[in-house]
Amino acid sequence: MKKVFAVMLALCLLLACVSAMAEDVTLKIAHIGPQTGGAAVYGLATYRGAQIAADEINAQDNGFTIELLNEDDTHDAEKAVNAYNSVMEKGAQMIVGTTTTAPCIAVGAKAYEERVFMLTPSASSTDVTADKDNVYQVCFTDPNQGSASAAVINEKKLGTKIAVIYNNADAYSTGIYQTFVQKAGELGMEIVSTTTFTDETTDFSVQVADAQKNGADLVFLPIYYTPASQILIAANSIGYAPTFFGVDGMDGILTMEGFDAKLAEGVMLLTPFVADATDEATVSFVTKYQELYNEVPNQFAADGYDCVYALVAAAEKAGVQTGEAAEDICDRMIEAMQQITVDGLTGTMTWSANGEVDKVPTAMIIRDGAYVGLDN
Amino acid sequence: MVFLSNLVNGISLGSIYAIIALGYTMVYGIAKMLNFAHGDIIMVGAYIIFCAAQYWNMPLPVSLLIAMVVCTALGITIEKLAYKPLRQATSLAVLITAIGMSYLLQNTALLIWGANPKVFPDMIDTGSLSLFGGQLLIKGETLITIAVNILIMIGLTLFTSRTRMGKAMRCVSEDRGAAELMGINVNSTISITFAIGSALAAIAGLLLCSSYPMLMPTTGSMPGIKAFTAAVFGGIGSIPGAMLGGVLLGVIEILGKAYISTELGDAIVFAVLIIVLLVRPTGLLGKAVREKV
């Protein structure tokens with residue numbers, strides 16, 4: 001009899017467990033970002049960060065189970081729309097993405113029509129959120145990055161004569177450049193050289209020589225790390241050593257295969273996340289990331305991680321249920337997003353109605369092959 | 001002095017275009033086809049050198065030799081599999097096949113070596129030549145590239161004018177049907193042309209990535225297109241023309257960027273090409289061939 005009772009009890013417990021699991025709301029979240037191609041570093045990082053967050057949430061007993069879908073867009077607008085169509089067919093309810101700006105503008109337009117809620121970890125142009133109430137950002141906007149960079153350079157007196165080299169074929173780079181120039185003008189900073197390049201440029205000698213000729217002591221690089229590495233090499237080869245100041249796209253330069261990290265020594269950048277910070281959340285995230293992927297996470301990984309937590313917080317507030325269609329929850333998510341406060345790896349974040357995040361940027365410098373705070 | 005240093009940079013970029021253009025022009029001159037995959041064979045060559053040097057610790061000459069062998073094999077295979085069956089087809093069909101081959105190579109490289117760009121190691125360690133008390137710097141890579149260019153140009157000219165095989169190539173180029181009637185094996189002649197072009201691509205890969213040390217699966221495509229432009233500029237099919245066209249193109253690109261606008265650099269290059277082709281449709285050193293009707 002005791003045995004039967006025990007078995008019954010066990011069964012009850014099991015049932016209770018099952019029913020408790022059934023009560024968990026399953027969120028189908030789709031990550032879209034480049035995982036091959038020139039911008040693969042960013043998409044892989046946001047995906048891995050999101051995956052770690054999803055695993056954590058699934059392991060916890062907080063009423064949510066995350067099913068993370070993933071598609072590669074190779075940093076190409078057309079492929080990104082295909083990726084979007086593919087995840088929507090698989091029943092995605094909301095999107096983490098897309099990682100890079102140009103694809104995000106394309107996907108955002110489609111998602112706006114079809115009423116799908118998007119939270120991008122790292123597409124930072126204002127064009128991403130402009131006229132679209134369904135797209136939110138976890139990263140700073142480009143205007144923020146541009147004007148914050150100008151403010152930091154001015155405040156800390158990092159340079160008096162400034163050169164800017166930017167990619168005029170890229171929305172991200174051009175966006176930051178424009179607000180940087182505007183803010184620099186307001187602050188009375190002197191820009192002595194402005195040169196451009198495109199994605200196809202192989203030779204950077206003209207751009208670097210122009211900055212040197214005009215006596216720039218600080219070169220502002222609102223660009224991704226791949227061309228930035230070529231600019232550092234070109235400057236080094238003519239013995240030109242100004243202060244280089246980058247933005248979040250500079251993150252990744254230290255992990256480039258074959259790149260002599262000594263050249264990046266002293267490069268400054270604005271980034272909201274530092275892997276060697278000592279707070280508990282960062283340490284735990286970095287440890288997990290290193291165990292799983294054998295490298296130190298960059299800012300993008302942290303953005304991806306924060307994205308998933310922000311979505312869960314908003315979904316909880318919006319009362320999203322398992323299997324609800326994306327278009328039915330979009331408006332509730334938008335409303336919830338403006339009410340929540342998320343304490344993430346990249347800072348304490350709140351969102352305004354235009355989709356922009358509010359958090360504090362910090363300036364970092366590369367010393368001995370690692371990022372340290374500029375104030376340290 | 002700034003002008004001189006821009007000029008040197010232009011010649012440096014141009015000499016890279018020239019070496020790629022030599023491969024284009026040689027294949028075009030003999031097989032009468034545009035091998036758009038040439039730029040991608042250069043990319044493969046650069047990856048092989050990168051792997052040999054970084055992962056297997058081979059010295060530079062051995063790495064280069066391995067890359068030349070692999071590229072030659074690759075060139076011959078591509079020719080056999082993709083172009084030979086189309087020998088009788090229209091030139092348009094061959095052109096499209098070449099573009100397809102270019103994408104195939106890029107995407108295969110993506111699968112093998114991944115997407116993350118690699119920085120090419122500084123293997124040609126020659127230092128640089130400093131003139132006028134350090135005001136004018138000429139990089140060692142530039143001097144070596146120019147020297148290699150001249151050597152290859154002389155070598156190819158001698159090869160096509162003096163050797164039996166070279167003469168056969170010129171025959172095939174002039175009149176394929178007549179050459180065949182004279183007992184020349186057209187197929188093997190074209191294969192050897194591809195073999196030489198691809199071996200040159202390995203050398204071009206080394207020089208390209210030594211001067212501009214960024215290696216990813218699309219590394220060869222833009223320089224390839226620019227070099228093709230250079231070959232047309234100089235007169236496609238002409239070996240000295242490829243060299244002249246390449247160097248001029250590089251100089252125009254750099255000077256255009258330096259003195260007119262960095263934004264218009266590429267536009268200026270192609271505008272000059274259009275003007276040259278309007279004035280001299282066969283390119284600077286191209287021979288006008290009269291069509292007999």
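Strand β10 (residues 268-271) of chain A pairs with strand β14 (residues 362-367) of chain A in the antiparallel sense, over 4 bridges. The model is predicted. Chain A contains 11 helices and 15 strands, while chain B contains 11 helices and 4 strands. Chain A touches chain B through 27 residues, and 27 residues of chain B take part in turn.

**Strand pairing around β14 of chain A**

- β14(A) and β15(A) make a hairpin with 2 residues between the strands.
- A:Asp368 sits in the turn of this hairpin and has a positive phi of about 50°.

**The three-stranded sheet of chain A**

- An open sheet of 3 strands in chain A has the order β11-β12-β13, with antiparallel pairing.
- β11 (342-344) and β13 (357-358) of chain A stand at the edges with a single partner strand each, so one side of each has no neighbour in the sheet.
- Strand β12 (residues 347-351) of chain A is joined to β13(A) by 2 bridges, and the two strands run antiparallel.
- A:Trp351 stands opposite A:Val357, a residue of β13(A).

**Chain A as a whole**

- There are 11 helices and 15 strands in the chain, and the radius of gyration is 22 Å, close to the 21 Å that the globule rule gives for 376 residues, so chain A is as compact as a globular protein of that length.
- The C-alpha trace of chain A spans about 90 × 45 × 35 Å along its principal axes.
- Of the 376 residues in chain A, 54% are buried.
- Where contacts in chain A join residues at least 6 apart in sequence, 68% of them link residues at least 24 apart.

**Domains of chain A**

- Chain A is divided into domain 1 (6-140 + 280-360) and domain 2 (143-271).
- The C-alpha centres of domain 1 and domain 2 of chain A are 31 Å apart.
- Contact between the two involves 15 residues of domain 1 of chain A and 12 residues of domain 2 of chain A.
- On the side of domain 1 of chain A that touches domain 2 of chain A, α4 (101-114) and α10 (299-318) of chain A each supply at least two residues.
- α4(A) gives the most to that side of domain 1, with 3 residues.
- The residues on that side of domain 1 divide into 6 nonpolar, 7 polar and 2 charged.

**Interface between chains A and B**

- The contact joins 27 residues of chain A to 27 residues of chain B.
- On the chain A side, α2 (40-59), β7 (190-197), α7 (205-213) and α8 (225-237) of chain A each supply at least two residues.
- The residues of chain A on this side comprise 9 nonpolar, 14 polar and 4 charged.

**Chain B as a whole**

- Chain B has 11 helices and 4 strands, and its radius of gyration is 19 Å, close to the 19 Å that the globule rule gives for 293 residues, so chain B is as compact as a globular protein of that length.
- The C-alpha atoms of chain B fill a box of roughly 65 × 50 × 35 Å along the principal axes.
- Buried residues account for 50% of the 293 residues in chain B.
- Among contacts in chain B between residues at least 6 apart in sequence, 74% connect residues at least 24 apart.

- Helix α9 (residues 221-234) of chain B has 14 residues and reaches 20 Å from first C-alpha to last, close to the 20 Å expected at 1.5 Å a residue.
- α9(B) is mostly covered, with 12 of its 14 residues buried.
- The buried residues of α9(B) include B:Pro223, B:Phe228, B:Val232 and B:Phe233.
- The packing partners of the buried residues of α9(B) are α1 (2-31), α2 (38-54), α4 (91-113), α8 (186-211), α10 (239-259) and α11 (265-279) of chain B.
- B:Gly235 follows α9(B) and has a positive phi, near 105°.
- The 21 residues of α10(B) should span 30 Å at 1.5 Å a residue, which agrees with the 30 Å between its end C-alpha atoms.
- α10(B) is mostly covered too, with 16 of its 21 residues buried.

Conventions:
Residues numbered from 1 in each chain as written. Chains lettered and ligands numbered in written order. Predicted model: local features only at pLDDT ≥ 70, side-chain atom pairs only at ≥ 80, totals over all residues. Contact = placed C-beta atoms within 7 Å. Nonpolar A, V, L, I, M, F, W, Y, C, P; charged D, E, K, R; others polar. Rg over C-alpha atoms; globule rule 2.2 N^0.38 Å. Buried ≥ 20, exposed ≤ 12 C-beta atoms within 10 Å, placed from the backbone. Pairing = 2+ DSSP bridges. Expected span 1.5 Å × (residues − 1). Domains from an automatic or database assignment.
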